[in-house]
Amino acid sequence: MAIRDFLLPLVSYPKPTTKAAIESVFRLSESLLSSGNRSGNHSTITQRVSAVVYEVEIEMGLYFEGAHMGEFLEREARKSAVNAQQLVHSFEEVAARHNVMHRCRLERRAPYDMTRNLVESARLHHVTVQPLRKDTEDQLDLAEQIIFESGRPVLIFPEEPVRPLATAILTVAVAWDGSRQAARAVADALPFLRRAKTVRAFTATDDKPLSSAQAQQFVEYLAGFGIEAIHEDVKKTDQHSIGSFLEAYVVSRGIDLLVMGAYGHSRLREFILGGATRSILANPPCWVLLSH
């Protein structure tokens with residue numbers, strides 16, 4: 001029996017992760033137990049959701065620069081502690097409704113130490129599942145560190161989705177440009193690709209066009225894993241940002257999961273995100289698996 005372990009970070013401050021987001025992760029995890037493996041590999045897989053609840057230590061310099069400490073800072077610290085306990089309760093309550101192995105631990109950490117601890121934890125799990133709120137800088141920074149520092153894939157999703165979030169991964173899109181990052185993402189996404197009913201690979205012809213021979217080679221590569229896929233070239237057009245292009249593709253094809261490589265350039269250990277990566281992190285249109 002193999003255990004596929006999702007790491008779910010739950011952060012107490014400044015705004016705690018929603019109970020609905022926890023529910024989404026359990027529904028997805030449970031669906032992986034019931035879905036068949038289209039490659040014909042029937043080895044037993046057990047899903048587990050491992051939550052780490054972070055009670056964030058409040059530091060004046062981070063959130064309240066120039067403000068007086070006093071009762072206000074104490075009140076925010078109490079709020080962080082209460083939120084953390086509520087997150088533990090919410091996780092256990094949701095877990096009790098699903099047939100998925102689970103565990104939960106509580107950590108009290110300063111923000112910088114929380115990031116380091118989470119990256120180290122991510123290295124010991126198959127996938128980190130990170131809910132993201134639209135244009136929330138602290139969540140974006142946290143996800144960025146996990147993607148580029150953990151060496152493991154990250155599955156992001158909108159914490160407050162505009163459209164209903166898929167409870168099972170039936171249709172997968174792969175953003176394929178033949179790069180190292182895209183290859184890594186495809187390898188990490190194989191458990192999802194093998195179970196999907198439809199797999200679509202697409203290439204934005206405006207950016208990095210592939211020859212028909214290259215596209216066919218990729219389709220044949222997936223076929224070697226028992227994955228039947230189609231490839232299509234899609235014109236992005238200058239009128240669309242990369243973010244709106246990806247969102248339009250996801251919506252028009254009814255995509256449940258988008259698989260893509262994460263791009264960034266290290267400059268004194270501070271990553272400068274590529275346009276597509278930053279757009280997706282700022283506003284994920286569905287479940288998105290990112291690998292670097």
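How many helices and strands are there in the chain? There are 9 helices and 12 strands, where helices (H or I, at least four residues) and strands (E, at least two) are DSSP runs numbered from the N terminus.

Before we go on, a word on the model. It is a predicted one, where local features need pLDDT of at least 70 and side-chain atom pairs count only at pLDDT 80 or more, while totals for chains, interfaces and linings use all residues. Residues are numbered from 1 along each chain as its sequence is written, and side-chain values use heavy atoms, with hydrogens and water left out.

Let's look at strand β7, residues 198-204. Here 5 of the 7 residues are buried, so the strand is largely enclosed by the rest of the structure; buried means under 20% relative accessible area, with a 1.4 Å probe and protein chains only. On one side, β7 pairs with strand β6 (residues 171-175) in the parallel sense over 5 bridges, and pairing requires that DSSP finds at least two bridges between two strands. In that pair, T171 stands opposite T198. β7 also pairs with strand β8 (residues 229-234), again parallel, over 6 bridges, and there R200 stands opposite I230.

Now please find I280, in helix α9 (residues 275-282). I280 counts as buried because its relative accessibility is 2%. Leaving aside neighbours within four places in sequence, its contacts (heavy atoms within 4.5 Å) include I156, L246 and L290. I280 and L290 are 10 residues apart in sequence and 9.5 Å apart in space, C-alpha to C-alpha.

To zoom out again, buried residues make up 52% of the 292 in the chain.

Technical notes:
Buried means under 20% relative accessible area, exposed over 50%, partly exposed in between (1.4 Å probe, protein chains only).
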